[in-house]
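Trainee: Please take me through this one and say what each term rests on.

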Amino acid sequence: MATFWALVFALLLGLVFVCKLFGISIFKEKAAAALPNGTKFYWPLLGETLAFLHPHKSTSTGRFLQEHCSRFGSVFKSHLFCTPTIVSCDLELNTFVLQNEERLFQSSYPKPVHDILGNLSMMLVSGELHKKLRSVALSFINASKSRPDFLRVVEKLSISFIDSWKTKNQVHFFKEAKQLTFYLMLKNLLSIEPEDPIAAKVLQDFLTFMKGFVSLPLHIPGTAYSKAVTARRRISSTLKDIIKKRESAMSGAHVTGDFLDEVLGKGCLNDEEKVSILLDLLLAGYETTSGLMALIVYFLAHAPSALQTLENEHQVLRKRKKEGEPLSWEDYKNMEFTSHVISEALRCGNLVKFVHRKALKDVKFKEYVIPEGWQVLPIFSATHLDPSLHQHPSDFNPWRWADPATSRKVTPFGGGLRICPGAELGKLEIAFFLHHFVLNIRWKTEVDECPMSCPYLEFKRDLVLEIEQIHN
């Protein structure tokens, strides 16, 4: 009997430890009279998390959401990430949540996400600190995205990568896209060239970091998550060294005009905030942009009419320019069908499936009450693939974006105060890359399956392009 009670006591201690790890309490769950319907029975602590995160095709909402929406409607209650949760597959509620950031709702990610991103990440902080960090990022992005020198860097590096494929029969495209977007961010943020040894070092750490970011959060030596936390420390240390060297160089009136100069010129940021904002932009500009590039190539490989229309647009654009003349901001703004292709890939591919929010007070929405302290998950992929909002939603159809109403039904970059600050920058980089890609490369793809989503984009295997020939 003593052994039995010792085991019970150990289990209770373990339960309290796990709850503390995730920053939750299992002893308080506020009741609400008008909660949405939902599952009544689920595993303790984990709830339905494992079923929710089960991998599925990027162009589908997955079995969990399909079954729950069918049983309970587009808004339902569940227990996810160790906390009571309202799940929203409803466009109107999603928009309401995003537009009421800091008033009714607040960013609230599980503790393991804080451990891996750092507590000063823009995705995690709120209030004045979020406003300060976001303002620094936006001021530089808005100033640099149309600068001729920045545009030339994007185009030059894109051409360099495409030229390097001319001697290859196969191209592992997702891997190449990751390198391209990462080197672009290093150059734009820190003036580090691709051939600099530090570029390869930091890229390798980011690859390790991302493997852990989409893994089970077990902080045990040897796990992907543990390796990712360690990789983040190395990245932070490298960035601190770069900052110190730049500060010494700037004392001698050396100015490069990159984002780091902008950061160092802001007296409002401490050292940890400088590192965090650099890491945030490196991560966002590298991971999401490369994922979107790979999605576009995947979808175009299965949509020959869209590929031909895209190629025609860039042939017309190229004929208007002189031999060797670089692309300009005006050229980018005139890439109408290219913009439609990018937007449709975002809608179909769902780079970010959902975001985490928490109700700051009891919130009434239509017939529902969302209790104070409950987690709210606006599911972007559900509205992107909703047949009541989009005709044949699983079809890759860039022409649907000719209707301005489509943009009001799609939220790939979030919304409200936290809408992605680098959205336009990423789209511009991809548009410039696509210009040279479709005019210079013919390929066939070996990938027959959609990318998997769990809950962030992952390709089941690398996107391999069989290069057939180079255009004349």
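Predicted model: local features only at pLDDT ≥ 70, side-chain atom pairs only at ≥ 80, totals over all residues.

Trainee: Is Thr61 buried or exposed, and why?

Mentor: Its relative accessible area is 15%. Buried means under 20%, exposed over 50%, and partly exposed in between, with a 1.4 Å probe and protein chains only. Thr61 is therefore called buried. Its place is the loop between β1 (56-57) and α3; helices (H or I, at least four residues) and strands (E, at least two) are DSSP runs numbered from the N terminus.

Trainee: What is Leu46 called, buried, partly exposed or exposed?

Mentor: Leu46 has a relative accessible area of 40%, so it is partly exposed. Leu46 lies in the loop between α1 (2-21) and α2 (49-52).

Trainee: In what order do the strands of the open sheet run?

Mentor: The order of the five strands is β2-β3-β9-β6-β4, with mixed pairing. Strands pair if DSSP finds at least two bridges between them.

Trainee: What makes β2 and β4 edge strands?

Mentor: β2 (75-80) and β4 (105-107) each pair on one side only.

Trainee: How do you know that β2 and β3 pair, and in which sense?

Mentor: Six bridges join β2 and β3, in the antiparallel sense. At least two are needed, so they count as paired. Val75 stands opposite Ser88 in β3. The two strands form a hairpin with two residues between them, and Phe81 in the turn has a positive phi of about 55°.

Trainee: In which sense do β3 and β9 pair?

Mentor: β3 (residues 83-88) and β9 (residues 375-378) pair in the parallel sense over four bridges. Val87 stands opposite Leu377 in β9. Helix α4 (residues 91-99) packs on the sheet, touching β2, β3, β4, β6 (357-359) and β9.

Trainee: Why is β3 described as largely enclosed?

Mentor: Six of the six residues of β3 are buried, so the rest of the structure largely encloses this strand.

Conventions. Residues numbered from 1 in each chain as written. Heavy atoms only, no water. Contact = heavy atoms within 4.5 Å. Axes fitted to C-alpha atoms, helices over the stretch in contact; angles between N-to-C directions.
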